[in-house]
Amino acid sequence: MNYLAPTTVEEATQLLSQTPSATVFAGATDVIPQIRAGRPEPETLVDLKKIDRLVSVASGDSGWTIGAAVPTVRLTENAELGQEFPGLVEAAGLIGSDQIQSRCSLGGNLCNASPAADSVPALIVNEARAVIASGSGTRTVPVEEVVTGPGSTSLAEDEFVVELVLGHPAPNTSDAYFRLIPRTEMDIAVVGAGARVTLDENGNCASARIALGAVAPTAVRVPDAEAALAGQPINDETLAAVAEAASAACNPIDDKRGTVAYRRQVAGVLAKRAVKAAAERAAQGAK
Ligand SMILES: Cc1cc2nc3c(=O)[nH]c(=O)nc-3n(C[C@H](O)[C@H](O)[C@H](O)COP(=O)(O)OP(=O)(O)OC[C@H]3O[C@@H](n4cnc5c(N)ncnc54)[C@H](O)[C@@H]3O)c2cc1C
């Protein structure tokens, strides 16, 4: 197996266009276990962590730029990021263990394309965009356009994600992410639910975004739940509508972690809780 470690985005795109069968990696917390489990070994592995831009985190006037290969521990330890995106940081802090989080990245979590990836619903509700590089330049797409199905993405063979960009949250806005796993840690979500809520001056919901993980081939938005909240107070009635819409948006599988019926029910419960937590944070001014 060849190991290549480019130090610039341009060098990496050049290597990838010359070696179409190469596999890029960041933390390798998915890549290595998958090879050990019998997936064919890539002839060439391209390490993205030596590229400064991919391991940088910055906040500026227009928002945050998070390098695709930044180990997630650097996100969970970033108080300013946690203040603006508590739900996203919560999701990043649920991935594996301390050891995993010292290696794993948001770019890898997204591009591994697991339906149960914890950070993806949280990225979607926060309108994160992925900056994607190839030999012909860069393009920027909403994160929900990256994953196309279990293990598959819309990226061409010579493309990779350079960074994730997020605008600063509007005033009176916050987010939350909850997941259910069968044990206390180190397991994959049976269901994950992310929500972002913006409150108006009366404390009603001005707008909301809700996304679910592990209930369909890709993470799913729940537009009916978002519509049920828009312009409404957040109370038992609207939260019941959120739960109903979230359960209806699921297209889950039966597996050892949960049946279809169980996943539908849990999706409703977690969506409701995520909305409530995001709204409470927004009300406390925890942007
Ligand atoms: C013990 C254990 C526990 C885990 N627990 C969880 C969990 O609770 N929740 C969860 O969501 N995941 C979990 N995972 C899975 C994994 O840790 C995460 O998906 C992690 O975020 C992957 O990041 P990485 O940088 O290690 O990815 P890598 O393994 O480096 O890459 C993963 C995939 O993405 C591709 N890739 C990586 N970076 C890029 C890029 N910049 N552009 C394009 N493609 C790219 C790679 O080619 C590969 O296909 C766990 C894994 C282990 C081993």
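Reader: What should I know about the model before starting?
Author: This is a predicted model, in which local features need pLDDT of at least 70 and side-chain atom pairs count only at pLDDT 80 or more, while totals for chains, interfaces and linings use all residues. Residues are numbered from 1 along each chain as its sequence is written.

Reader: Into which domains is the protein chain divided?
Author: The chain has domain 1 (2-166) and domain 2 (173-283), with bounds from an automatic or database domain assignment. Their centres, taken over C-alpha atoms, are separated by 24 Å.

Reader: And how many residues does the contact take from each domain?
Author: Domain 1 gives 24 residues and domain 2 gives 27 residues; two residues are in contact if their C-beta atoms, placed from the backbone, lie within 7 Å.

Reader: Turning to the ligand, which residues come nearest?
Author: Of the 32 residues around the ligand, the nearest are Ala26, Gly27, Gly108, Asn109 and Cys111. Here, near means that the C-beta atom, placed from the backbone, lies within 6 Å.

Reader: Which element gives the most to that shell?
Author: Helix α7 does, with 4 residues. Helices (H or I, at least four residues) and strands (E, at least two) are DSSP runs, numbered from the N terminus.

Reader: What is the strand order in the open sheet?
Author: The 5 strands run β4-β5-β10-β6-β7, with antiparallel pairing; strands pair if DSSP finds at least two bridges between them. The edge strands, β4 (57-60) and β7 (137-142), each pair on one side only.

Reader: How many bridges join β6 and β7?
Author: Strand β6 (residues 129-134) pairs with β7 over 6 bridges. Isoleucine 132 is opposite arginine 139 in β7.
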